[in-house]
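Thanks for coming. I will go through one structure today, starting at the surface and then moving inside.

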Amino acid sequence: LAFSEQFADPAPGAPHRFGGMIGPVEPPAAVAAELRRGIDRLAGALGLTGLNGIDFLLGADGPLALELNPRPTAALDLYDGAVPRGLFDWHVQACRGTLPETPLPGGAVRGFAIHRATRAFVMSAALRLLYQLNENTTGVLQLHLKPRYVDALPSIASRLRKTLEDK
C-alpha cells in the first residue's frame, strides 16, 4: 500500500531498537518497482492475505529484505485515517477475499516517535494538546504527531525527553 521509513532509538544491548516511523515516503522509482514485484511474488508464494509488512534496508546495491511481518504493522497508524472505515477494515475484508477497489489515497506525511518513560508521569495540558494524548498517559508513550509537526520530529522528541527527565 505504501512505504514508510523507520528510525532507531538505540539503547545498551539494543542498538537497532524501534523508535518510530514516518510516511508515506517514496523510494526511487526503480527501487519501488523492484520491491512491489518482490512483494507480489512473496505474497503469492506464501499465500499471504490481509495487511502484511516487509522491513528492508535500502543500500547502494538496492533493497535487502530483513523480515516479513504477516500481520498489520505499526505503519497502520500512519495510514489509518486515509481510509473511511480504517485500514484494519481493509485488512479484515482482504482476509475474507475482497480487495479494496481503490488504492490508498495520498495524504499528509505523518509520523510517530516512541519515548520509553522510566517512570509514570503526567503531561502538561499543552503537551497533551500537541501530542493528542489524554491526561492519563503513562508508561510507554507513542507520539502521534499532527502533520505540520513532522519536520520537527527529532527536536520535538528531544524536547519531550528533556521535559520528562527534568520532572
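Which residues form a nonpolar patch on the surface, and what is their accessible area together? First, the ground rules. This is a predicted model, where local features need pLDDT of at least 70 and side-chain atom pairs count only at pLDDT 80 or more, while totals for chains, interfaces and linings use all residues. Residues are numbered from 1 along each chain as its sequence is written, and side-chain values use heavy atoms, with hydrogens and water left out.

Now the patch. Leu-57, Leu-64 and Leu-66 form it, with about 310 Å² of accessible area together. Areas come from the Shrake-Rupley method with a 1.4 Å probe, and for residues only the protein chains shown count as cover. A patch takes residues with over 30% relative accessible area and no salt bridge; nonpolar side chains (Val, Leu, Ile, Met, Phe, Trp, Tyr) are joined within 5 Å, like charges within 9 Å.

Leu-57 sits in strand β3, residues 53-59. Strands are DSSP runs of E, at least two residues, and helices are runs of H or I, at least four, numbered from the N terminus. β3 pairs with β4, residues 62-69, in the antiparallel sense over seven bridges; pairing requires that DSSP finds at least two bridges between two strands. Gly-59 has Gly-62 in β4 as its bridge partner, and a hairpin of two residues joins β3 to β4.

Next, the inside. The largest nonpolar core has 11 residues, among them Met-21, Trp-90 and Phe-112. α2 (76-79), α3 (87-95) and β5 (110-116) are the elements that give two or more residues to this core. A nonpolar core is a set of buried Ala, Val, Leu, Ile, Met, Phe, Trp, Tyr and Cys residues joined through side-chain atoms within 4.5 Å. Buried means under 20% relative accessible area, exposed over 50%, and partly exposed in between, with a 1.4 Å probe and protein chains only.

Last, the charges. Side chains of opposite charge can pair when their charged atoms come close. A salt bridge here is a side-chain nitrogen of Lys or Arg within 4 Å of a carboxyl oxygen of Asp or Glu, and the count comes to three. One of them joins Asp-9 and Arg-17 at 3.1 Å, N to O. Asp-9 is buried at 12% relative accessibility, whereas Arg-17 is partly exposed at 27%. Another joins Asp-89 and Arg-85 at 3.6 Å, N to O. Asp-89 is buried at 17%, and Arg-85 is exposed at 67%.
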